[in-house]
Amino acid sequence: MLEGFEDRYADVNGTRLHYVIGGEGEPLVLMDGFPRTWHGLHKIMTPLAKHFRVIAVDYRGQGESDKPEGGYDKKNMAKDVYELLLSLGHEQVNIAGGDIGAMVAYSFAANYPQATKKLALWEGAPFSQTFQDFAKPFPRPGDLNLWIYPLSQVEGLPAKLLAGRFRHVIDWSAEHLALHPERISEESRAIYAQAYDTPEALTAGFGVFHTFHQDVADNDSYPPLEMPALAIANQGADFMRPMMEGKANDIRYSGIEDSGHFVAEEQPEALVAELEKFFG
């Protein structure tokens, strides 16, 4: 456990969430994505805790949180987080997330605007038709390969294929999605592999992608966000712009240089600087 932080659990919305909390100041909720746990945020949590009350959440199906059979649409996952924050006495928070955590954070802001002061997303955007066009099922050699998405639509197969073998996915992700795979330590890789290695964890982990079409329908129903929003991507924010078009009225874009997909581990100082500047 990080110095100055503590593990906690909360029973909310019919499930049990694990979260790690520490620091002083305005509440700042952080969520990472797949194939990660809250540990993917460990390099940014300590510096952010100097200015914020950091609440790093394992969302439903992730890390030490429960892994129920269903409920992985982002609207319901946002409700999990909302009820968690109410249980902590927070009526309004800043919220930020990467990858799947970004999608849950966006849904939180869309469904609970009164509870969202500011929203920041990195390396992730709400599922949409634009996203589907981006995630090509037959990438050319050397192009981004998002094989996880089509596999997630084959119910039951990910657990049968990958249980006890998930370390291969962790290493493949580091080698193909990170610009600096060496910055994802052996300790971190072992933590992620253990977190997803069981059939239950794999079913939950791929469950967040299985709800793609419901998420698109929900996201299309939301009006543009009114609170300030920040979209961050590696090597510039160009790919985030079409993903966020029409999703927010007050949005700014920023890029993290010299990084691949896992910016919280590859370039934590740069990400912290962006978040501190935005959240203030």
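Let's start at one residue, Pro126: leaving aside neighbours within four places in sequence, Pro126 is in contact with Met103, Tyr106, Phe131, Asn219, Met243, Met244 and Lys247. Contact here means heavy atoms within 4.5 Å. Pro126 sits in the loop between β6 (116-122) and α4, and Pro126 is buried, with a relative accessible area of 0%. For that word, buried means under 20% relative accessible area, exposed means over 50%, and partly exposed is in between, with a 1.4 Å probe and protein chains only. From Pro126 to Tyr19 there are 107 residues in sequence and 23 Å in space, C-alpha to C-alpha.

Before I go on, a quick word about the model. This is a predicted model, in which local features need pLDDT of at least 70, side-chain atom pairs count only at pLDDT 80 or more, and totals for chains, interfaces and linings use all residues. Residues are numbered from 1 along each chain as its sequence is written, and side-chain values use heavy atoms, with hydrogens and water left out.

Now the whole chain. The protein chain has 13 helices and eight strands. The radius of gyration of the protein chain is 17 Å, close to the 19 Å that the globule rule gives for 280 residues, so the chain is as compact as a globular protein of that length. That radius is taken over C-alpha atoms, and the rule is 2.2 Å times the number of residues to the power 0.38. As for the elements, helices (H or I, at least four residues) and strands (E, at least two) are DSSP runs, numbered from the N terminus.

Along the principal axes, the C-alpha atoms of the protein chain fill a box of roughly 45 × 35 × 35 Å. Of the 280 residues, 57% count as buried. And if you take contacts between residues at least 6 apart in sequence, 70% join residues at least 24 apart.

Let's look at two helices, starting with α10. Which residues of α10 (residues 212-221) are buried? They are Phe212, Asp215, Val216, Asp218 and Asn219. Seen down the axis of α10, these buried residues fall within an arc of 170°, so they line one face of the helix. The arc is that of the directions from the helix axis to the C-beta atoms. An α-helix has 3.6 residues a turn, so residues three or four places apart point the same way. On the other side of α10, His213 and Asp220 are exposed. The buried residues of α10 pack against α2 (74-87), α3 (100-111), α4 (129-134) and α9 (199-210). Asn219, one of the buried residues of α10, is also among the contacts of Pro126.

In α8 (residues 186-196), the buried set is Ser188, Arg189, Tyr192, Ala193, Ala195 and Tyr196. They cover an arc of only 160° around the axis, which puts them on the same side of α8. Turned away from that side are the exposed residues Glu186, Glu187 and Gln194. What do the buried residues of α8 pack against? Their partners are α1 (42-48), α7 (167-177), α9 and α12 (263-266).

On to a strand. Val54 lies in β4 (residues 52-58), and at 0% relative accessibility Val54 counts as buried. Not counting residues up to four places away in sequence, Val54 touches Phe5, Val20, Ile21, Gly22, Leu28, Leu30, Met45, Leu48 and Ala49. Val54 and Leu30 are 24 residues apart in sequence and 7.2 Å apart in space, C-alpha to C-alpha.

Finally, some backbone details in the loops. The peptide bond from Phe34 to Pro35 is cis, with omega near 0°, and Pro35 is in the loop between β3 (26-31) and α1. Asp99, in the loop between β5 (93-98) and α3, has a positive phi of about 60° although it is not a glycine. Is Asp99 buried or exposed? At 12% relative accessibility, Asp99 counts as buried. Asn13, between β1 (5-12) and β2 (15-22), has a positive phi of about 50°, and Asn13 is not a glycine either.
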